[in-house]
Amino acid sequence: MDRSKEPGLMSPFSLGRFNLSHRVVLAPMTRCRALNTIPQPAHATFYSQRSTAGGLIITEAVAVGERGFGFPHSPGIFTEEQINAWKPVVDAVHAKGGIIFCQLWHVGRASHTEYQPNGDPPISSTGKKISDNWKIHMLDGSLQSYSAPRAVETSEIKVIVQQFRDAARNAMIAGFDGVEIHAGHGYLIEQFMKDGINDRVDEYGGSIENRCRFALEILKAVSDEIGAERTAIRISPVVDHLDALDSDPITLGLYLIHKFNDFKLCYMHLTQPRYTARKLNKKDLSSFRDCHSLMRKAYKGTLMSTGGYTKESGMVAIRDGEADLISYGRLFISNPDLPLKFGLGIMKLNKYHRSTFYTHDQVVGYTDYPFHHQDGKGSNKINTEGSLLLRSSL
């Protein structure tokens, strides 16, 4: 069978109003470099280094309000100072011909009183805390237990929905091309969606329709504000990160898909269970394959997949139609020119240093990873700003 004409990682793709030159996406990754919630000049360097003409960049998760933080020195986009600090980051990506989406989040109960205004408890769909199987990164570098949350009142929910809407508007002011709503990984939106967490008795709890109401209200508010063609969403129905369990994740995922189809979003971002650190068993993997296959068939738009992909597994996923786009995290951290290396068939990739993932250093483990054929002056001898001459068969 001749597969030379089949799509691959380096094949172009039409993402709504955006023309991508390849399908290797920078995944959103918290890096803790936004000192006091403000993006720094190093952010512009980091994202610019990983930009290519026609390449898609998704930022680290960005808090929509002051109660949305759960990591040290993670960024926000709800103050004028934060918005203005994002502008040079966006400009740096656009200068390379790249496309950049801002990922919007609220961590909900995945926080600590230290990160909350006045030392208040974090908010959630529930009063149940995250188990001690999971630990939170603190400002002093230690790992501690998550704080017990407070279940939000029904009347407070519309305020949070408005925060997401305002954050999307702020992203447009900063110059972003679109936003991705983070509705996975055990953070606030998913804390409403999954029945292993949500124990509410109001219209946001109980049935699957009620549990998904919050997510869909946010999605509508954001898409109404900036347009569905600039709106995306990330979900992880099978992933149990931060105790995010559901009794029937496949039904949950398919219900969401059914609703997402009505919006005609820019894309949907689906996380594989390899994202979480726990050891997976055959039942877990089988559940994901079933869920992914069913969701792929049910979703009528562009599907991006993420979670432990290699170049080879990404190629297979694109070739076999399992996904339209693949987002890479750790490999992209240590290889700022990852699409170029994939396109040139370079097998040896820089190793990432896990110990520097969540440090606050503006250079080490952030912008100091070498490019292919980098000379002693730090310049990349292979031009990544123009045509990459990437092999479409990859």
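The protein has eleven helices and 14 strands, where helices (H or I, at least four residues) and strands (E, at least two) are DSSP runs numbered from the N terminus. What you are looking at is a predicted model, in which local features need pLDDT of at least 70 and side-chain atom pairs count only at pLDDT 80 or more, while totals for chains, interfaces and linings use all residues. Residues are numbered from 1 along each chain as its sequence is written, and side-chain values use heavy atoms, with hydrogens and water left out.

Of the 394 residues, 58% count as buried, meaning under 20% relative accessible area, as against over 50% for exposed and in between for partly exposed, with a 1.4 Å probe and protein chains only. If we take contacts, that is heavy atoms within 4.5 Å, between residues at least 6 apart in sequence, 74% of them join residues at least 24 apart.

Let me turn to strand β13, residues 303–306, from which L303 and S305 point one way and M304 and T306 the other way, all of them buried. Strand β12, residues 267–271, pairs with β13 in the parallel sense over four bridges, pairing being assigned if DSSP finds at least two bridges between two strands, and here S305 is the bridge partner of L270. β13 also runs parallel to strand β14, residues 325–328, to which three bridges join it, with S327 in β14 as the bridge partner of T306. Together with helix α9, residues 311–319, β13 and β14 make a right-handed β-α-β unit; right-handed means that, with the strands pointing away from the viewer, the path from the first strand over the helix to the second runs clockwise.

T306 comes up again among the residues that R234 touches, a list that also includes E180, H182, H185, H269 and T271 and leaves out residues up to four places away in sequence. R234 itself lies in strand β11, residues 231–235, and because its relative accessibility is 4%, R234 counts as buried. R234 and M268 are 34 residues apart in sequence, yet their C-alpha atoms are 5.9 Å apart in space.

Finally, the helices: α2, residues 80–95, and α3, residues 154–174, pack at an angle of about 50°, with their axes 8 Å apart. That makes α2 oblique to α3, since angles under 35 degrees count as roughly parallel, over 145 as roughly antiparallel, 65 to 115 as roughly perpendicular and the rest as oblique. Where do the two helices meet? I83, W86, K87 and V90 in α2 meet N170, I173 and A174 in α3.

Technical notes: Axes are lines fitted to C-alpha atoms, for helices over the stretch in contact, and angles run from 0 to 180 degrees between N-to-C directions.
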